[in-house]
Amino acid sequence: MNQFWQGTRTYFKTASFRKVSKRIGYFFAGLVVLIFISSAVVALYFNTNKAEIVTQINAKINENITGTIHIGAIKYKFLKGFPNMTLSLSQVELKDSLWVFHKRTLLKAQQIEIRIDLWDLLSNEININKIEIQQATLHLFKGRNGIVNTHIFKAKPKGKKSKSATTSAFDEIIMDQVHFISENQLGNKLFDFDILALRSKIAFSDGNWHTNLYLKTVAKSMAFNTKRGSFIKNSLVEGVLTVVYSNSKNQISIATTNFGIGPEFFDIKAHFSLDANKSPFDIAIKTSILWREASALLSANISSKIDQFDLKNPINVSCSIIGDMNAKGDPEIIVKTNIRDNELKIPDGIITDCTFDATFTNQYKKGAGCNDVNSTITLTDFSGQYKTIPFTIPIGIISNFEKTTAAGSFKSDFNVSRLNEIVTKDFIHFTGGQAKVNLEFKFDILDLKIQKPLFTGNVDVINATVNYGPRNLTFVKTDIELDFTEEALLIKKINFKERKNKVFMEGKIDNFLTLYYENPEKMIVNWDIYAPFLDIKQFVGIITSSGQKASKKKNTKDDFSSELYAVIDKCQVVLNLKADKMLYSKLEATNAKATILLVNNQLIVKNGWVQSAGGTISFDGKLIPKDDAFFLESNTKINRVDISRFLTSLNNFGIQSFQPKNIKGFLSASTSVQGMLLSGGQLKTNSLSGSAKFKIDQGALIDFEPITNIGKYAFPFRDVKNIVFRNLSGNFEINGALVGIKDLKVSSNVLNLDVNGVYSFGRGTNLAITIPLRNPKKDEMITDKIERAEKRNKGIVLHLLAVDEEGKIKIRWNKNHK
């Protein structure tokens, strides 16, 4: 190897090499001189024959156009394009013959360079094989009346050949800083591009041609329908396009890979027909792109909708656009994508582990037009997890982008405790249990809000434990079966335990979903409730509210929790209650029936009826929340209850001066009272007011202190500790701890007495007592009621006062008796 290099260096020093080098130098110098001289000759030829050449160029142009062309100046470009001649045309304007009507200049260029075949020129012909356009505006126009500015080229008569043997085809086209506009007012289309650079060398074959075209441009508008907005607006477009023209099809085909549009890259295939009347086209695009980047490339009518959503990871998308450049309206657009293990952001939250296939088309029904009304998004095999709730949508269709509707099927199977991620703990908290959802849905969408929803199907919950925070109530072993129909929500079964209560519920809500979203205050929930055992105090706590609201802490659950609480708070509930056994404090009842209304957070009881203390009790009532208690209104009718048992069960209404054991008999009464019920279900002491009428049959007073205090002085020889009366009745006016007694008549075996005045459960008793001293036992044989009434007050009559002194009842003479 060293010998080779040593021999080479030795050869470079020889006289032979110097002789060869000198000849090569002379050759290239001669070639340069020849080119220079030839160019000078061409320049001389141009300057000598400039008028004739210009005439030939004008003739060439005028041979093919019907409009007018204006060229400010023509100059020869020395040496450029040798051995051909390069001419520079400046201030070029090209107008068609109808310019006065539409005022759109087809071409206006600062400079156009054309390369002319020199040998053809010497043969007295013009053949342009390259054109370079700089700083120009190319404006294609079609008006609403069909007028165009492109009817500038003459149609060659059939069978007639051009005078020139040359063709008018260009072998190479270059554009720099060219503003290209294609304005189709008839079809509402506008394509507006600032072409920064365009390079194309064209190869011709049998009337066909092809080229690899380099393009760098800014898309100011690519509107297939100007009313809908522009695709790829203000995006930089750059890449190499393979363009093929087919003479037989009169069609241009375009293909490219990794074509840059904005920051993304696309594979594109397209076909454009050049027919005069119909110009169909189709464009197929494929890419992998982020959701928001894809949205930025779409027209405003589409992006404004989908910008409400987002996908975290890039997605594979294919898009086809099919239309006619000369037709009105939008082209057909079909977009397909396959989403796998992505994260979908929606207005109400985030769906994780998201997988589905989606197709968008603006021509769902063929022949119905390409428009928003006929646009749909079809989702298939959708699966994901909303917060912690997994679900699937086997198929879902979003239709009509003007009056949007959504329809499909929804399925889910999950542990109920997962709902804790959606609802705040202070409101509702779930433990255990399993939920299964199988629903068909359809609803309108307005401003991304659900309107007029319709669900059909069922929801089942098994063995759940639920804590209702506002009342701190826990329901165990809760089963729920919900059946959604087109007309109503059927609540086939809700079974739960709450402390000692075991409740079986069935219900119905007409027009449930529409009212839930639009008018919850008009929602009526009809419940049929059966309970083997029911503690009324606890039940009141379940179906009423103390006014405590769900937590307002700022977190992702608040919207749903607040909305659900508001619906519960506003809706109306009708409860048809049946219970085998009921308990209120110590009052036990059986065979209970009642209709209970929950309206505006009020509890209204109608047609209540129970068996208790050996008799029956019927009642109506109302509970209205007030602070931490409830305002109570009640109308009650009592029929032959055992008075001692009845008073015992009601804690003797708080009376301290006697005990239920002091009285026996069967009580019948009617009351109309108001009072306060504590949040625990207890009656607030001394809160009652209202009126009562009562009658006691087969009654007896046993060791009744007010009577025994009188009897030991007035009737020392009568058994006042055991008074049996054939009639005991009266009217009461109740005002807290005070009871106004009117016309209380006691007719017994020991004594008769009439009582009027005020009796106090606490302090303030002041009773006027009238006691005939005659022994009423002698009147037992009198059957005539009038005669018996006349003899009632014969003889000595005592007029006494029973008054409260320091918490004890004292007996005095009533000097002011009537």
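These questions and answers tour a predicted model.

Visitor: How many disulfides does a search of the whole structure find?
Guide: A disulfide needs two cysteine sulfur atoms within 2.5 Å. The whole structure was searched for such pairs. The number of disulfides found is zero.

Visitor: Is C354 buried or exposed?
Guide: Buried means under 20% relative accessible area. C354 has a relative accessibility of 0%. Therefore C354 counts as buried.

Visitor: And C319, buried or exposed?
Guide: The cut-off for buried is under 20%. C319 has 17% relative accessibility, so this cysteine counts as buried.

Visitor: What is the volume of the largest cavity?
Guide: The search of the whole structure finds two cavities of 30 Å³ or more. The largest cavity has a volume of about 120 Å³.

Visitor: Which residues lie nearest the centre of the largest cavity?
Guide: The lining of this cavity holds 17 residues. By class, seven are nonpolar, seven polar and three charged. Nearest the centre lie R228, N301, D330, I333 and N362.

Visitor: How many aromatic pairs are there, and what kind is the pair of W209 and Y245?
Guide: The whole structure has 11 aromatic pairs. W209 and Y245 have ring centres 5.8 Å apart and planes at 20°. Planes under 30 degrees apart count as stacked. So the pair of W209 and Y245 is stacked.

Visitor: How many residues apart are W209 and Y245?
Guide: W209 is in strand β7, residues 208-223. Y245 is in strand β8, residues 235-246. The pair links distant parts of the chain, 36 residues apart.

Visitor: Is Y245 buried or exposed?
Guide: Y245 has 13% relative accessibility. Buried means under 20%, so Y245 counts as buried.

Visitor: Which strands do F356 and F382 lie in?
Guide: These two rings are stacked, 4.6 Å centre to centre with 10° between the planes. Both F356 and F382 are buried. The pair ties together parts 26 residues apart in sequence, because F356 lies in strand β15 and F382 in strand β16.

Visitor: Which residues do ring pairs link into a cluster?
Guide: Rings pair if their centres lie within 6.5 Å. Such pairs join several phenylalanines into a cluster. The members are F191, F224, F231, F272 and F281.

Visitor: Which ring does the charged end of K95 sit over?
Guide: The charged end of K95 is 4.0 Å from the centre of that ring. The ring belongs to W99.

Visitor: What is the distance from R640 to the ring centre of F666?
Guide: R640 lies over the face of F666. The distance to the ring centre is 4.7 Å.

Conventions: Residues numbered from 1 in each chain as written. Predicted model: local features only at pLDDT ≥ 70, side-chain atom pairs only at ≥ 80, totals over all residues. Heavy atoms only, no water. Buried < 20%, exposed > 50% of the residue type's maximum accessible area, 1.4 Å probe, protein only. 1 Å grid on protein atoms, 1.4 Å probe; cavity = no way out; pocket = protein on both sides within 12 Å on 5 of 7 lines; lining within 4 Å. Points joined across faces, edges and corners; volume = space filled by probe spheres on them. Nonpolar A, V, L, I, M, F, W, Y, C, P; charged D, E, K, R; others polar. Phe/Tyr/Trp six-rings, centres within 6.5 Å; stacked < 30°, edge-to-face > 60°. Helix = DSSP H or I, 4+ residues; strand = E, 2+ residues; numbered from the N terminus. Lys NZ or Arg CZ within 6 Å of the ring centre and 35° of its normal.
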